[in-house]
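Here are my notes on the model you sent. Please read them with the structure open.

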Amino acid sequence: MKLQCLALVCALALVIGCSDDESSNNANNSNNANNVNNVNNVNNVNNVNNVNNLNNLNNSNNSNNSNNSNNSNNSNNSNNSNNSNNSNNSNNMNRVNPVVEVNDQTPDPRDEVLIARVVSPAAGWLAIHEEDNGSFGDVIGFIAVTEGETMDITVSLDREATENEMLFAILHREDPTDNDFTFPDDQTEDRPMLDNDGKLVAPRFTAIQGTPDNTFTVNDQTATITTLAIANSGFSQVAGWVVIREDNGGQPGAVLGQTAVPVGTLSDIEVGLSRPAVDQETLHASLHVDMPADGNFTFGTATEDAVAQDGQGADLVTSYTVTVAAGTPDVQFRVQANGNTGFNIVEATPARYEAWISDTAADNPTFTLNETWRYEVINEAYPNHPFELVTAGATAAEDIVQLGQDNVGAFAADVDVALVENNDTFQFTLTPALAAATDFYRCNIHIMMMRAAVTTQTP
Ligand SMILES: [Cu+2]
């Protein structure tokens, strides 16, 4: 794609650079009969970059408007309106000169840029291009613009801008009129506009000036899963960690969990906790620097991976309150079936509890559950493969079902187990009695093929 863009720049330069030839052609063509011009146009239909100017010149001197019509119907002729800047073309002398004004900026969020002012002679597109060897490269964001002047246009980018990155803001035509911006995937469409001097409208700007300060925000939250904490937003100057600690007399205490974060914007970072949060508990969240940069979180056991600081040198630690409604699950598992041959336990939330699954890709993995914790199981294979916990018999036929989907088993009505079913999802609490009775899980239908061990442990 980048090569295509460079090729386009060269082609445009060629177009701009051949104006002397145009003049002579213009003079020659002005004496041509209309039918000769028509022949030229027909021959030029597939020649996008270098002969369109001739068409235009022909048009400017041609009182027969049918040539203009031919050109405007030619979808390959995307330089046509660019050439209408040609002052020889009396039909277009009053065309609005396209303008793009953009300032160097430090956008927030970093995957948006602000364009101060755009003047477009027609409906079109404002595209943000990457820099590529001093010229413009791939498009990383675009937005439709209307005819006329528009102030303060925000353009969303496909990725975050990087520090001191050069970007180009370029006005493109809407050609063909299909409400679909396809440049540069299709370079014959939606090409850049030229101004009335025949120059690209492509101001360059710096997207991130300098390095932003570290920031870190964690709001009070209502848990959807009690072992899952969410760090809402922030910015990390270096790779590091988001850390959740329990409270110890109003100060951060023991670490409950941490998640590695890369350089850049932090948004809804999930941190798995080693135990369920308690309703109205105060927890402490902090942003840490991976120092030394070894990818190992050793804070608390060594003078490493210290808390990051904001622009004023203050530690980025914030306390917040967790609300836990009764019945909130502590861990969630997502289950699928491999045909009729096995259950797959494909995902745990928080992800740290995937360590409880022997193999998230294997049929019938063994897995571990903590006594007293409450679980949510999303069984995507339901209702073809109802999931259930059993006391294993010598054979599957001798299993004793303890709890399962479709309200089966001896514990289905147990108030402490508190089975809740909702389509493919069910929740239950692994009470000590249920834990003592459970050593296998299986499918209610394929009891021999879809069956494996469960280990229960005391947290
Ligand atoms: Cu089954």
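1. Strands here are DSSP runs of E with at least two residues, numbered from the N terminus. On that count, Asn-133 sits in the loop between β3 (124-132) and β4 (135-145). Keep in mind throughout that this is a predicted model.

2. Is Asn-133 buried or exposed? Exposed means over 50% relative accessible area. Asn-133 counts as exposed because its relative accessibility is 74%. Its side chain also makes a polar contact of 3.5 Å with the side chain of Asp-132.

3. Now the metal. Which protein atoms are the donors of the copper ion? They are ND1 of His-385, SG of Cys-443 and ND1 of His-446. These donors lie 1.9 to 2.1 Å from the copper ion. Along the chain, their spacing reads H-x57-C-x2-H. Cys-443 and His-446 are both buried.

4. Next, the packing. The largest nonpolar core has 32 residues. Phe-333, Phe-367, Tyr-375, Phe-428 and Tyr-441 touch the most other members of that core.

5. Finally, the whole chain. The protein chain holds seven helices and 25 strands. It has 459 residues, and 47% of them count as buried. Take the contacts between residues at least 6 apart in sequence: 63% of these join residues at least 24 apart. The accessible surface of the protein chain is about 20800 Å². Carbon and sulfur atoms account for 47% of that surface.

Terms used:
Residues are numbered from 1 along each chain as its sequence is written. This is a predicted model: local features need pLDDT of at least 70, side-chain atom pairs count only at pLDDT 80 or more; totals for chains, interfaces and linings use all residues. Side-chain values use heavy atoms; hydrogens and water are left out. Donors are N, O and S atoms within 2.8 Å of the metal (3.2 Å for Na, K and Ca); water is not among the atoms, so sites may look incomplete. Buried means under 20% relative accessible area, exposed over 50%, partly exposed in between (1.4 Å probe, protein chains only). A nonpolar core is a set of buried Ala, Val, Leu, Ile, Met, Phe, Trp, Tyr and Cys residues joined through side-chain atoms within 4.5 Å. Helices (H or I, at least four residues) and strands (E, at least two) are DSSP runs, numbered from the N terminus. A polar contact is a pair of N or O atoms within 3.5 Å; within protein, one must be able to donate a hydrogen and the other to accept it, and residues adjacent in sequence count only if both atoms are side-chain atoms. Contact means heavy atoms within 4.5 Å. Accessible areas come from the Shrake-Rupley method with a 1.4 Å probe; for residues, only the protein chains shown count as cover.
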